[in-house]
Amino acid sequence: MARICINALALDPKRTGGAETYVRQLIGCPAFREALAGHEVTLLSGTPSDPVLERSGFEVVRRPVDPARRNARILWEQVTLPGLLADLRPDLVHFPYSTTCWRYAGPQVVTVHDTTNFIMPRSVGLAERVYRRVLQSRYRKNPRCHIIAVSETDRRILQRHLTLPDDRVSTVYHGGPAAFSCDEATLGAPRPEGGLLWVGRPYYHKNVDLLVRMMAALARRRPGRVPALRMVGLDEPSRERLGQLAAELGVREHIRFEPARPHHELPALFREASLFVFPSLYESFGLPPLEALCSGTPVVCSDLEILREILGPAARYADPRDPESFAAQCDALLEQPALWA
């Protein structure tokens, strides 16, 4: 029997996102819990603690760290957490949020969710880039640190930039999320009233401005028949900026700019949509398109190596630098029910 610690201090109960989805579904997965049944597992939680941790059946060690206060949490992880781990004396620690403790040199597994700072540094602030690179250098220096990459594309990027040998990096894909599903009887049936959907966060590499420009191109292609677009996950400054751009392009009435929604509300949004549109300039995996496909919703996404690796022939691909390219793919799917199916 091994002592295993999983660092879930960063899991904010009020936040949704790729890393949060990963931790919640990992801890909540019956097969994962079954695999660890013969071991002593401790979950390190902040305060407040996410409900999925409390329902896991594992021991939960709560610390007075608010996961919503990111800078304070990072400081606590780097200064205080190594001492806590020394007291717990685990045989293995899993860091599921792409980071580790600089001062902790014990056996560990780190899941790295994105390599944005290597490929698109403009999408990451200077302080964040420095922070990531400092910790990423620790991956290389600690021979007892094993990296989980979420795609083969990212595994190659990590090995190239961190000079990691093959036996120090593994690829473990995200699975199809169970909550996102489509009734077999309705699978392949078009949803003409559903409209278009995008879900995410307005980071630079998410390329959200293209969606507004794509709607202007669709309006030219489909006069009087412009589908509605819901953009879910935008902060207030992004809603204001994109709303102004939409007004300038004459498509403000066709777009709903919405804040983030709790993760349990997202499956219904995916099942209602006619199409899911994903124009990212870069991704390490791309969970939302997979959630869309599981929901029976066709995907129009950027023609990126990683998205072709994950989605294969199940999606339609467009140029993320060209709104007309996305408009053409969306228009084709909206016009041809057989192609949609």
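Two strands count as paired if DSSP finds at least two bridges between them. The exercises below apply this to a predicted model.

**Exercise 1.** In what sense do strand β2 and β3 pair, and over how many bridges?

*Solution.* 
Step 1. Locate strand β2, which covers residues 40-45.
Step 2. Count the bridges to β3: there are four. The cut-off is at least two bridges, so β2 and β3 are paired.
Step 3. Read the direction: the two strands pair in the parallel sense.
Step 4. Find a facing residue: L44 stands opposite V61 in β3.

**Exercise 2.** Give the strand order of the open sheet formed by seven strands, and name its edge strands.

*Solution.* 
Step 1. The order is β3-β2-β1-β4-β5-β6-β7, and the pairing is parallel.
Step 2. An edge strand here pairs on one side only; the edge strands are β3 (59-62) and β7 (169-171).
Step 3. On average, neighbouring strands of this sheet are turned by 20 degrees against each other, with direction ignored.
A general point: strands of a sheet pair through backbone hydrogen bonds, either parallel or antiparallel.

**Exercise 3.** Treat the open sheet of six strands in the same way.

*Solution.* 
Step 1. Its order is β10-β9-β8-β11-β12-β13, with parallel pairing.
Step 2. β10 (255-258) and β13 (316-318) are the edge strands, each pairing on one side only.
Step 3. From one strand to the next, the twist averages 20 degrees.

**Exercise 4.** How do helix α9 and helix α10 pack: roughly parallel or roughly antiparallel?

*Solution.* 
Step 1. Helix α9 spans residues 209-221 and helix α10 spans residues 236-249.
Step 2. They pack at an angle of about 20 degrees, with their axes 10 Å apart.
Step 3. Angles under 35 degrees count as roughly parallel, so α9 is roughly parallel to α10.
Step 4. The crossing in which α9 passes α10 is right-handed.

**Exercise 5.** Describe the largest cavity by its volume and its lining.

*Solution.* 
Step 1. Searching the whole structure gives one cavity of 30 Å³ or more.
Step 2. The volume of the largest cavity is about 70 Å³.
Step 3. Its lining includes N7, R73, E77, F95 and C101.
Step 4. Sorted by class, the lining holds five nonpolar, four polar and two charged residues.
Step 5. Helix α4 (residues 70-79) gives the most to this lining, with three residues.

Notes
Residues are numbered from 1 along each chain as its sequence is written. This is a predicted model: local features need pLDDT of at least 70, side-chain atom pairs count only at pLDDT 80 or more; totals for chains, interfaces and linings use all residues. Side-chain values use heavy atoms; hydrogens and water are left out. Axes are lines fitted to C-alpha atoms, for helices over the stretch in contact, and angles run from 0 to 180 degrees between N-to-C directions. On a 1 Å grid over the protein atoms alone, a cavity is a set of points where a 1.4 Å probe fits but cannot get out, and a pocket is an open set with protein on both sides within 12 Å along at least five of seven lines; lining residues have an atom within 4 Å of a point. Grid points are joined across faces, edges and corners, and a volume is the space filled by probe spheres set on the points. Ala, Val, Leu, Ile, Met, Phe, Trp, Tyr, Cys and Pro count as nonpolar, Asp, Glu, Lys and Arg as charged, and the others, Gly among them, as polar. Angles under 35 degrees count as roughly parallel, over 145 as roughly antiparallel, 65 to 115 as roughly perpendicular and the rest as oblique. A crossing is left-handed if the near helix is turned anticlockwise from the far one by less than a right angle, and right-handed if clockwise.
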